[in-house]
Amino acid sequence: MNRSNIRANTNCFQMILDACIFAISFVGDVLWLGRGMSVKSLGNMLILAGIFAIIFLLSNKEQYLYNVTMFYYIDRVQRKILKSFIRAFIATSAAIVFMPQMWNNRMVFFAFCAIGYILICIKSILLKSVMDNLEQKNAPRTAYVGNPEEFGKFNYYISKTSICIQQIGFIAMSREAYENASHEDYIGCVDDLEELIREHAIDQIYIMQNDEDDLRVTQRYVDLCIDMGVTVRLVVDFYKRRGADSYVSSVGTYPVITYHTVSLNTNEQLIKRMVDVFGGLVGILVFSPIMLIVAIAVKIDSPGPILFKQERAGQNGRKFKMYKFRSMYQDAEKRKQELMDQNEMNGELMFKMKEDPRITRVGKVIRKLSIDELPQFFNVLGGSMSLVGTRPPTMDEVEKYQKNHWRRISIKPGITGMWQVNGRSSIQDFNDVVELDVEYIDNWSLWLDLKIMVKTVFVVLGRSEAY
């Protein structure tokens, strides 16, 4: 039977310890401030405290605080604990509004939250050193197969986690490497792995798998460890790529290593989408009077439709119809090829022309004020665009993209973005546009989105030249 221990990296002891701390906090809080409470109020307080503790623990787990491989930097741990506390406190405090009978005892609940938070913080400071001392005696005797340069770094990483081991030494991948090794911690060659396991009473083996190592050879040593009942951990290092993040997960019993460059995880994507829906609705409601005026002006100024609908490339090349107020004459697309020799962008990957003869009189005004893009709030609401993202390219532009250019459309396009608020009119090299877009993708956060949206307002109010 092929089984996968999906909870092997979870430190269940820490979860149980945190739950016990909240139980102690509750009892102490009730004995201190809640001695006059009725049985019903105590029951309600217990339910509320339980909800607080569950949200806190789940938030900690979602942030990998209970993962034994997490780097235990105390400032990082404290920030994660504070984030979990804020989440749990806001959720449970809001619940008090719907529990009028708890309002008179709110200070008892707030005291419980404060006591629990303080004790959890103290535990996080003291836990690692105490647990390391307690677990060292029973820590598995561990040897590494590889070279000292790689394992020097690997050992440093191990020391920053909650993984506790007794290091026995290094095992060379070849006899030649062992015979020429000057490192005092080398204990032998992997060809003698069975004898080394017997001699040093080894509990587990770490094998550093490099791209030059034959996987079939490595499999032989993995099988040997399994036959002897020795735990073997394969450190997969055969693919390295700067600029890509990675994580390990599983599909059923299959381990999966994921390399990615887009920083948004599932939860972040959900939050960003919620912000987009809210922002799209607000944008449509707030700017609807302006959109009505512009629609009338566009219709009177020149023949043709009010809205310009163009097929653009969305996330990873998905096609969608982008909406804008028509700011050009109807034959603008046909005349584009005639004007390509006047393109102010280097190359043919983006078209930009300051005195574009295709632009109508009303078009010049609405482009200068950037209100030609207001209908894109409907794109945002529909999900094909985001409030903040990268500029959506035309399909003919995408066809000319090189592979490194494609990364800029690995997220949803946005109404505004890094390029729009960082001197778009002065940028003439498309690679500079890509660099700004990639910078946004690599450093995405809700705070960055907010800063870009605020900066967009100032750019528009300042009537920065847009074309």
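Predicted model: local features only at pLDDT ≥ 70, side-chain atom pairs only at ≥ 80, totals over all residues.

1. Sheet order. Five strands form an open sheet in the order β3-β2-β1-β4-β5, and the pairing is parallel. Its edge strands are β3 (186-189) and β5 (231-236), each of which pairs on one side only. From one strand to the next the twist averages 25°.

2. Pairing by bridges. Strand β1 (residues 141-145) runs parallel to β2 (residues 166-172) and is joined to it by 5 bridges; within this pairing, V145 has I171 of β2 as its bridge partner. β1 also pairs with β4 in the parallel sense, over 4 bridges, and here T142 stands opposite Q204 in β4. Between β4 and β5 there are 6 bridges, again in the parallel sense.

3. Burial of β4. In β4, 6 of the 6 residues are buried. Q204, Y206 and M208 point one way, while I205, I207 and Q209 point the other way.

4. Helix α6 (residues 148-159) lies across β1, β2, β3, β4 (204-209) and β5, and runs at about 120° to β4. α8 also packs on the sheet, where it touches β1, β2, β3 and β4, and its direction makes about 145° with that of β3.

5. The faces of α8. Which residues of helix α8 (residues 193-200) are buried? They are L193, L196, I197 and H200. Viewed down the axis of α8, these buried residues fall within an arc of 100°, so they line one face of the helix. After α8 comes A201, with a positive phi near 50°.

6. Helix α2. The 24 residues of α2 (residues 39-62) reach 34 Å from the first C-alpha to the last, close to the 34 Å expected at 1.5 Å a residue. Its buried residues include M45, L48, F52, F56 and L57, and also S41, N44 and N60. Just after α2, Y64 has a positive phi of about 65°.

7. T360 lies in the loop between α11 (332-336) and α12 (361-368). With a relative accessible area of 2%, T360 is buried. Its contacts, leaving aside neighbours within four places in sequence, are D301, S302, R326, S327, M328 and Y329. K324 is in strand β9 (residues 319-325) and is buried at a relative accessible area of 13%. With the neighbours within four places in sequence left aside, K324 is in contact with I306, L307, F308, D372, E373, P375 and Q376.

8. Cysteines. The count of disulfides comes to 0. C121 counts as buried at 13% relative accessibility, and C225 counts as buried at 0%.

Conventions:
Residues numbered from 1 in each chain as written. Heavy atoms only, no water. Buried < 20%, exposed > 50% of the residue type's maximum accessible area, 1.4 Å probe, protein only. Helix = DSSP H or I, 4+ residues; strand = E, 2+ residues; numbered from the N terminus. Arc of directions from axis to C-beta. Disulfide = S-S within 2.5 Å. Expected span 1.5 Å × (residues − 1). Contact = heavy atoms within 4.5 Å. Pairing = 2+ DSSP bridges. Axes fitted to C-alpha atoms, helices over the stretch in contact; angles between N-to-C directions.
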